[in-house]
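Good morning, everyone. Please look at the sequence and the structure together while I describe the fold and a few places in its loops.

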Amino acid sequence: MTGARPILVVDDDRILRQTLVEQLQLDGEFIVQEASSLAEAREKLRAPDSRFDAILLDVTLPDGDGRDFCAELRKEGLRMPIIMLTGSDDEADIVRGLDAGANDYVAKPFRIAELLARLRAQLRLFENSEDAVFTIGPYTFRPSAKLLQEPQKNRRIRLTEKETAILKFLYRAGTRPVPRQVLLNEVWGYNAAVTTHTLETHIYRLRQKIEPDPANASLLITEGGGYRLNPETTIATAD
């Protein structure tokens, strides 16, 4: 897997699903799984190590109403963005969907570019919200709280703002090594006074906090002139 973000598309229109899969995966930004029914969607969401950063959910499905399914997912504690897709732009219909816990509502037919813009916006909002929770190896990562929790050892690790930003960006990159200069620019901005030595110092301190054996990093790996999180120990979820 690359740094593509996993999306679940739930719609019984096969042609629309194929179009969405093709367009969403076009630039490698997203990787898409499909479901044509609520039963299939439940199966994919509950699969071992299942991870979806967002759901595109049709309102009218052969085995139920997408809005009821959205409400069900929220009751189960799933907090990732859910964007409803509907053939109706009736205000009462939209309000019902939003009341069910949907983050946004897009009426068919829609422009793919608009849907992508809305999806990206919801992902950005989610990442900075109190609800954003990711799993990195044995840790539960809460970026908004600058906190790693290790449930098995009942341990909490406080992170600095920069350490949080480093982990968040590496998490988003998936298994791709992020070059030092790219990570430096993303975390510190284009600040001429900041050098790669600054980044390396932060990586060293972060490893002291999170690695069982900091001298032999197994979670935060140096590779290809940069850093990445180890795919063997990194999964994701949302609660």
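Let me begin with Lys146, which counts as partly exposed because its relative accessibility is 33%; buried means under 20% relative accessible area, exposed over 50%, and partly exposed in between, with a 1.4 Å probe and protein chains only. Lys146 is not a glycine, yet its phi is positive, at about 50 degrees. Its place is in the loop between β9 (139-142) and β10 (147-150).

A word on the source: this is a predicted model, in which local features need pLDDT of at least 70 and side-chain atom pairs count only at pLDDT 80 or more, while totals for chains, interfaces and linings use all residues. Residues are numbered from 1 along each chain as its sequence is written, and side-chain values use heavy atoms, with hydrogens and water left out.

Asn154 also has a positive phi of about 50 degrees without being a glycine. Asn154 sits in the loop between β10 and β11 (155-158), and it is exposed, with a relative accessible area of 73%.

Where is the cis peptide bond that involves Pro109? It joins Lys108 and Pro109, with omega at about -10 degrees. Pro109 belongs to the loop between β7 (104-107) and α5 (112-127).

I now turn to the whole protein. It has eight helices and 14 strands; these are DSSP runs, numbered from the N terminus, with helices being H or I of at least four residues and strands E of at least two. Of its 239 residues, 46% count as buried. Along the principal axes, the C-alpha atoms fill a box of roughly 55 × 40 × 30 Å.

What lies inside? The largest nonpolar core has 28 residues, and Leu148, Ile166 and Leu183 are among those with the most contacts inside it. Such a core is a set of buried Ala, Val, Leu, Ile, Met, Phe, Trp, Tyr and Cys residues joined through side-chain atoms within 4.5 Å. Elements that each supply at least two residues of this core include α6 (161-172), α7 (180-188) and α8 (196-210). A second, separate core of 21 residues includes Leu38, Leu45, Phe69 and Met84.

Finally, consider Leu183 itself. Leaving aside neighbours within four places in sequence, Leu183 is in contact with Ile166, Phe169, Leu170, Val178, Leu199 and Tyr227, where contact means heavy atoms within 4.5 Å.

Thank you for your attention.
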